Number of protein chains: 2
Amino acid sequence: MKLDKSNFSEWYDTVLRESGLYDYGRYPVKGMGVWMPFGFKLRRLVLDNIVRRILDETGHEEVLFPVLIPKTLLEKETEHIRGFEGEVYWVTKGGHEELDIPLALRPTSETAISYMESFWISSYKQLPMKLYQIVPVYRYETKATRPLIRLREVSTFKEAHTAHESFEDADKQCKEAIEIYKRIYDELGIPYMINMRPSWDRFAGALYTVAFDTVMPDGRVLQIGTVHHLGQNFTIPFEVRFQRKDEEVDYAWQTSYGISDRIIAALIAVHGDDRGLVLPPKVAPIQVVVIPIPQKDEELDKKVREVAKEITEGLKEKGWRVVLDDRDDKTPGHKYYEWELKGVPFRIEIGKRELEGELTVARRDIRKRTKVKREELDQKLKEMSEEFFNNIKEKAWEFMRSRIVQTDDLEEAKELVEKRMVVEVPWCGRKECGLRMDEEVGRVLGMPLDKDAKVKGKRCITCGREAKVIVRLAKTY
Amino acid sequence: MKLDKSNFSEWYDTVLRESGLYDYGRYPVKGMGVWMPFGFKLRRLVLDNIVRRILDETGHEEVLFPVLIPKTLLEKETEHIRGFEGEVYWVTKGGHEELDIPLALRPTSETAISYMESFWISSYKQLPMKLYQIVPVYRYETKATRPLIRLREVSTFKEAHTAHESFEDADKQCKEAIEIYKRIYDELGIPYMINMRPSWDRFAGALYTVAFDTVMPDGRVLQIGTVHHLGQNFTIPFEVRFQRKDEEVDYAWQTSYGISDRIIAALIAVHGDDRGLVLPPKVAPIQVVVIPIPQKDEELDKKVREVAKEITEGLKEKGWRVVLDDRDDKTPGHKYYEWELKGVPFRIEIGKRELEGELTVARRDIRKRTKVKREELDQKLKEMSEEFFNNIKEKAWEFMRSRIVQTDDLEEAKELVEKRMVVEVPWCGRKECGLRMDEEVGRVLGMPLDKDAKVKGKRCITCGREAKVIVRLAKTY
């Protein structure tokens, strides 16, 4: 099998399958796949070591709601249901009976959570209430499905839902959510743009939507997180009322923010190379593989295996996720290939020379060997983990930055988007012109919040009027 | 609120709600509830620290399958679908379209997993394959629902699925599964009987079913785990074939075994008392609460709070799950009541005396205070955790043992089951007599595998013929 990341689409499917991450395309429901043991471990490390940890540290509490939402509930907020009704899966039968009220497989949980908040919240003293859950959500997608990118069963959806005393508090919470998502993606070394989505591309029921976008290896943009200010759009129909400090009764103000399976899709896509996965040590299911090099001399071979075992055990004790690969029916070369495909950050080869002298540690990211004294192994691996991570993170950011360009010219913008670049262009701010860009140039990602884009003196690329903002356009997933 | 465990049904519902574990009866779909933050933490500790750990240690690998199973797949094993068809939820619509093939919300995953195994398994070298997942399953129950005991959304179902080379290997795996379930329930101090279910009460599609049963405080028996030998019942229709060592091709042999939300239901029911939850330290979301006792003297009060904080921080550093309750608007008595309800194993009260002298640690299980030197706190808490756990475990086992009695008389058996006892009676082994016991006396739990029940010389309580086995009968959930 030959991998070639410049043919990203094929590379991605092959790596998912061959590394044992996610079995896609064989499960007999379109747009749904199976997390395999190796993939499940990666998913769990990303969720537990990063997502859950950071949410818990910032005062969020995890809950778990039912997957089924009655139609009557889902329809209570009209704009919301309008945004989702075309792609909801409906349960209509239980056993042999028709259900009185169809039940939706949750496409997202604002309605279910707001309904329960109406029981839970009564006083400002309970606010802010910051909940989250990590659950599957369902969308009957009509677009082409892609593993972990566009699924009908989004098997991993971290959705946070918060309730506040005022518009301003909810607004502040959106800013906190943006900081949280920065931390999450920074810890994975995944580069991002932060874009304020245009009005026509908000979450159904939101006052505004801020999105995290990354650039995939083929230059297309992938949305990897969204943050919504929901105002009182759900709390009014669901009657989530509370008594304020001044004893007036008001409806609570909400936000919601979500990250899906795409966090794993981006992790794979952004760091991988022509040999397969490259995983940050912090989330790699296997951080170190130890491989004894077979020796012709029997005595020596035995010794090499013993030392390999000792080193494996030693690392295990220090808390490393380490595997000893002492299979007899595979050559070292074959083993290297397999573990490189799985993105194992460090490989320790134990041969004759390593018995007495220093150990040889090969780094997956730069594919270079380093000599390490045995007694310094733990410490060196820690240092190398940091260097490893900084290197892949820097490379990923460099790539993304190289794909973002500016132009004031409509035709050039079209050409650049055609070449799969993200273009930043001046815009007058009128929806009419925005929709024209959406149609003729590329999807309007929105206004950059991650940099101070100068707009003064510029003119809208579609109408030539004075520009009010810079917007990013790109071909998206 | 007054708790009275002798009125178990009310006690159980009240404790679930008031301790903040599980919100039941308000979510607008019958038989489905919401895991609240405190309950979610308990659930997670039980799953991560016990269930996942033990399954991982014994070579099981976690995977994640879609929740939807096409009707065509579910129907492939005829006995299986007959067992479930009355209680399957069906998704029939996606958006505004009727689906070509209805999709079931999984009632269990044998069919989905067997289908995928037909791709994955080709050689004996891949066997045994031991997979598990922790997922929600769905049953359109017609019986009365009860929180965490009989739900329409069983929010937590740990289902293991294994494939083997031979009948014997699968049989051995069932024995391993029984050992695993013993470890799991032993670590939670939950007593169990192990019963070989009678032929008419097997899992739909199994050669045999072994169940773990516990006795609830009201004397009714709750099934808390099952282990099934599936033979080749699924691998033949799903064509899970493999090449044996002797190069012949055979169908794989399977087992499956599951534990549901009932693990939490049993944990709550078995250990709780008239003050609420009593949680084993290993899984208690909060293991220690530190409460400063308010002092009239301002200086002294400040000092008490400081010390309380220091002790909390010290315990946190040692890895304890500890909370400092320094709320001003609650009396110590009110705080005691709240934390006792939540089953926190240890309470440390910091008053004037504790500033200089020893600390006072109150144990939740026996409700007694002990003096502990501050420098010995960590060590003492460890010892007390063990004593705590041994005490509640022993008490729980004593209770269960006291509910199991023997009789050779049909009328007495009826009376005993009426009194909510588990009775062990001799049985001739004929289905006819078994079904009569089921109908007239109590549910046939099956033949005890946890003890050597003497049957020699005894006669079947229904027909008077020579008895072949002892069976247990009881009123069940």
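Visitor: Which residue of chain B comes closest to the rotation axis?
Guide: V91(B), with its C-alpha at 2.0 Å from the axis. Bear in mind that this is a predicted model.

Visitor: What rotation and shift superpose chain B on chain A?
Guide: A rotation of 180°, with 0.0 Å of shift along the axis, and the RMSD is 0.0 Å. That is the relation of a two-fold axis.

Visitor: Which strands pair across the two chains?
Guide: Strand β5 (residues 89–94) of chain A pairs with strand β5 (residues 89–94) of chain B. The sense is antiparallel, over five bridges.

Visitor: And what stands opposite Y89(A) there?
Guide: G94(B), in β5(B).

Visitor: Switching to the interface. How many residues does each chain put into the contact?
Guide: Chain A gives 55 residues and chain B gives 55 residues. Of the interface residues of chain B, 100% are also interface residues in chain A, so the copies meet through the same surface.

Visitor: What area is buried between them?
Guide: About 4,700 Å², with 66% of that from carbon and sulfur atoms.

Visitor: How many salt bridges between chain B and chain A?
Guide: Four. One of the salt bridges joins the side chains of E61(A) and K41(B), at 3.6 Å from N to O.

Visitor: Which element of chain B gives the largest share of the side that touches chain A?
Guide: Helix α2 (residues 37–57) of chain B, with eight residues.

Visitor: How does that side of chain B split by class?
Guide: The side of chain B that touches chain A has 33 nonpolar, 15 charged and seven polar residues.

Terms used
Residues numbered from 1 in each chain as written. Chains lettered and ligands numbered in written order. Predicted model: local features only at pLDDT ≥ 70, side-chain atom pairs only at ≥ 80, totals over all residues. Heavy atoms only, no water. Contact = heavy atoms within 4.5 Å. Buried area = accessible area lost by both parts, 1.4 Å probe. Helix = DSSP H or I, 4+ residues; strand = E, 2+ residues; numbered from the N terminus. Nonpolar A, V, L, I, M, F, W, Y, C, P; charged D, E, K, R; others polar. Pairing = 2+ DSSP bridges. Least-squares fit on C-alpha atoms with pLDDT ≥ 70 in both.
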